[in-house]
Amino acid sequence: MHVSHLADAEALAGLGSTATGLDSTTAALRLAEYGPNRVEDMASAPLWQRLLQEFGHFFALILWLAAALAFFAEWRVPGEGMWQLGVAIVLVILINGAFSFWQEYRAEQALAALRQLLPLQVKVLRDGVLRTLPAEALVPGDLIELEEGDQVPADCRLIEARGVRVNLSTLTGEAQAQSRNAGSDQPGHVLDASNLLFAGTALVAGACRAIVFATGMRTEFGRIAHLTQTAGETGSPLQREIGRLSRLVALFALTLGTVFFGIGMLLGLPFWSNLMFAIGIIVANVPEGLLPTVTLSLAMATQRMARRNALVRHLPAVETLGSTTVICSDKTGTLTQNRMQVRQIFAGGRLLAATEAGAAGLLRLYTGAHYGHQLKLVVQEGQPRWLGEPMEIALLEFSAAAPIPSAQVLDEIPFTGERRRMSVIVSHDAADWLYCKGAPESVLPLCATWESSAGLQQLDTATRQQITAAQEAMAAQGLRVLAFAWRRVDDAADREECNLVFSGLIGLADPPRPEVPAAIARCHSAGIRVIMVTGDHPRTATAIAREIGLIRGEAPVVILGDALRLMTPAQLQIALDAPEILFARISAEQKMLVVEALKRKGEIVAVTGDGVNDAPALKAAHIGIAMGQSGTDVAKSAADLILLDDNFASIVNAVEEGRAVFENIRKFLTYILTSNIPELLPYLGFVLLDIPLPLTIIQILAVDLGTDMLPALALGAERPQHALMRQPPRARDERLLSWPLLARAYLWLGPLQAAASLAVFFTVLSVSGWHYGDALGRLEPLYLQATSACFAAIVIAQMVNVFLCRHPQQPVWHFSLGSNPLLLAGLLFELGLLLAIIYLPIGQALFATAPFAAGFWLMMLALALLIGALEEARKAWLRHRSALRHHP
Ligand code: ATP
């Protein structure tokens, strides 16, 4: 019989388990037999298919076209060296494609490894004790406990359930949550069984104990895993920008090639050699390294972010994060430490410190803590430890000073963000009682009497005002205030929260995290707004906001949840124009309204969240951020970024890394675009001024696809610079390829390099007695030496240029070489390749080079350094000018 049809006890017995769970020996044996509880990842497409795709994107297609033209030319007019060009281009496509593929594969592996850093944890009863274990360790027969927000880790059958509702959308596509209960069920479709929970679904409400009956690939989810593998990730702003840029540059290359071909034809160059030049120009101008650099840049950023406690779940999210303009943050746990401590109490009409003798005895606080599933004593590393809400733990520790009646909990009316209170019904001293606690605004209206020092008294308006004043006094110090109330109930079915006796208030301190004020200051200087969106009291929220520097003005706008509900979208948008604003007494659903309004204002919004109800806001924001420690599984799976330490400061660090990605791609572009000019201008001289061709097509390819490659890639892996967080977020429509960037590469650095390399070329020629107008054969030693020197001059200039490209304004000496080891490796590779091309016989044969006199190396170096000095002078001038603009 199926486990769903059995009675609870039979289900336990049928899976060889008991009411206290499995013992560890049996569990170990079963783990060996059934294997780890893991759904194997099926790759979206086979690897070979993805490798093939690398050879079919836009750049590759242009290169294929060029290669085809070269082979066609060879077939029509053999012996012009066209086949070498064709082979070279095909090699370029293959190497570049393989490299891109390798980068992507590695990035994917790294991302998968990062996900492993955050294993799903489950509470399991083993040997009669409740332990937290990774979900992979589950075996059939394990008894597990789940609560609201937990991901179901394996297929299991409910044994005890309280208000359990599940979301089966991952299995059935049905978004409506359904309730589930213990007890046997009638035969029917297994997914509809009222007592089963399935792996991959989530508990959206309630709490339960359940027995595992299927793990890993044997779960329903495992069976359909190959059908539901992640759909394609949507394009980030960066991906769209790269797409645009690729088309633009490719078009530019094609146009340039065609124009030069036209010029050549007009000037009467032989058709086939003219075609060869045109192909060369196209190939030279396609930025082959762009795609792998983008991947590398993103992947390196995810690695650095992980080291700074921020786990990225999708690669494109890295860069979206970099353009964030607003961060909406929770208070408790993100801005504060979530280490609660009772500080003050208000009881019997008096406000007193929690440390005063007998303080705990003044209040009747039957906290949720005493109720079984709220707090748990678990054994971790051999030590008993309370696990659960820090606030409940604080209350428990505080009340431990007073004797707690031994009691039995009969029922609970759970806490929700809307109600802001919770109640338990317990029986002690031969009677049943309802104990309620929550936000004072929520609890006080339910009270009719209060416990004064002289016994129960009517709760009149004056007393209510006194209580509210006490609450505000506590809140003004940044304390979170809870009200406590109770009443005697006739039976457990009488669960109405009314006619309560007000017992008192408790003020809990939750100090801000020490790193937070500095992180907020960094956000301010980086032009990022931080908006606190909290469920707490407005006074508490304002006090904390002031403490961490989030609010500095006299009159911040504070919007309460109730007011928010009545606002029209336009009103909310206008309210958001206020320079300092915070939202208090907000529920998760209302958080969504704030996010939507900010998005409508054109902001790039990051929002934090941890509960089940936060999931829609996390999804709606550009960047959803879930808490790694306190967050529910549901929130984590809706998020783009997970904070391992729940710390606001980590968000700011992640934003910095995200910003670096965009900057790095720009550095890369400046670098590779620069060398296009010294490759093009010599050719122009060749056709227009009738000089010998200073740089051959093969040599152009050697620069673009050989020596330039690794240093350019290294620029994509640069670490963020401090200045990054001192400038405003980049505008939404800011292009990767901006005019200043193009001008710097094409009109300044490029022409300087062209001048230097041509100077070297003509010096080599003229010291050997060559004069303008002298004919020079394609294979003459002097010609080979001169082109080799021209080629070497470009490479040497690029070796200096890589340092210049580290920043468009800051001088080279601001950056240590050690901060980017890849750069050093890239330079060594560049030098090695250059020497091999000039000095090794194979290099000479492939690239038509010949060694030149050693003195020319010095000349190249001097010219390269001169370019460096000129560029530094330009940067200094720019800095001077912008300083003048800021402090005239
Ligand atoms: P944030 O949204 O910034 O994390 P928060 O944790 O204070 O803030 P909620 O969890 O929505 O937000 O809590 C809102 C209010 O509900 C609290 O200020 C408190 O008064 C009350 N409250 C919170 N947790 C409990 C609880 N377990 N029992 C009773 N009342 C609670």
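1. A polar contact here is a pair of N or O atoms within 3.5 Å; within protein, one must be able to donate a hydrogen and the other to accept it, and residues adjacent in sequence count only if both atoms are side-chain atoms. With that in hand, look at Arg480: an N or O atom of its side chain sits 2.2 Å from an oxygen atom of the ligand.

2. Some housekeeping before going on. This is a predicted model, where local features need pLDDT of at least 70 and side-chain atom pairs count only at pLDDT 80 or more, while totals for chains, interfaces and linings use all residues. Residues are numbered from 1 along each chain as its sequence is written, and side-chain values use heavy atoms, with hydrogens and water left out.

3. Back to the ligand. Asp536 has a polar side-chain atom 3.0 Å from a ligand oxygen, and for Arg585 the distance from a side-chain N or O atom to a ligand oxygen is 3.1 Å. On its own the ligand has 610 Å² of accessible area, and the protein covers 87% of that (Shrake-Rupley method, 1.4 Å probe).

4. Who else is around it? The ligand is surrounded by 18 residues, with Lys331, Lys437, Arg480, Thr534 and Asp536 the closest (a residue counts if one of its heavy atoms lies within 4 Å). By class, eight are charged, six nonpolar and four polar; Asp, Glu, Lys and Arg count as charged, Ala, Val, Leu, Ile, Met, Phe, Trp, Tyr, Cys and Pro as nonpolar, and the others, Gly among them, as polar. Strand S19 (480-489) gives the most, three residues, and helix H12 (390-399) and strand S16 (431-438) each supply at least two. Helices (H or I, at least four residues) and strands (E, at least two) are DSSP runs, numbered from the N terminus.

5. Next, have a look at the open sheet of eight strands, ordered S8-S26-S25-S24-S9-S21-S23-S22 with mixed pairing (strands pair if DSSP finds at least two bridges between them). S8 (310-312) and S22 (557-560) are the edge strands, each with a single partner, so one side of each has no neighbour in the sheet. From one strand to the next, the twist averages 20 degrees.

6. Within that sheet, S9 (residues 326-329) and S21 (residues 529-533) run parallel and are joined by four bridges. One to find on screen: Cys328 has Ile531 in S21 as its bridge partner.

7. Finally, a hairpin: S1 and S2 have two residues between them, and Asp127 in the turn has a positive phi of about 55 degrees. S1 (residues 121-126) runs antiparallel to S2 (residues 129-134), with six bridges joining them; Val122 is partnered with Leu133.

Notes: Axes are lines fitted to C-alpha atoms, for helices over the stretch in contact, and angles run from 0 to 180 degrees between N-to-C directions.
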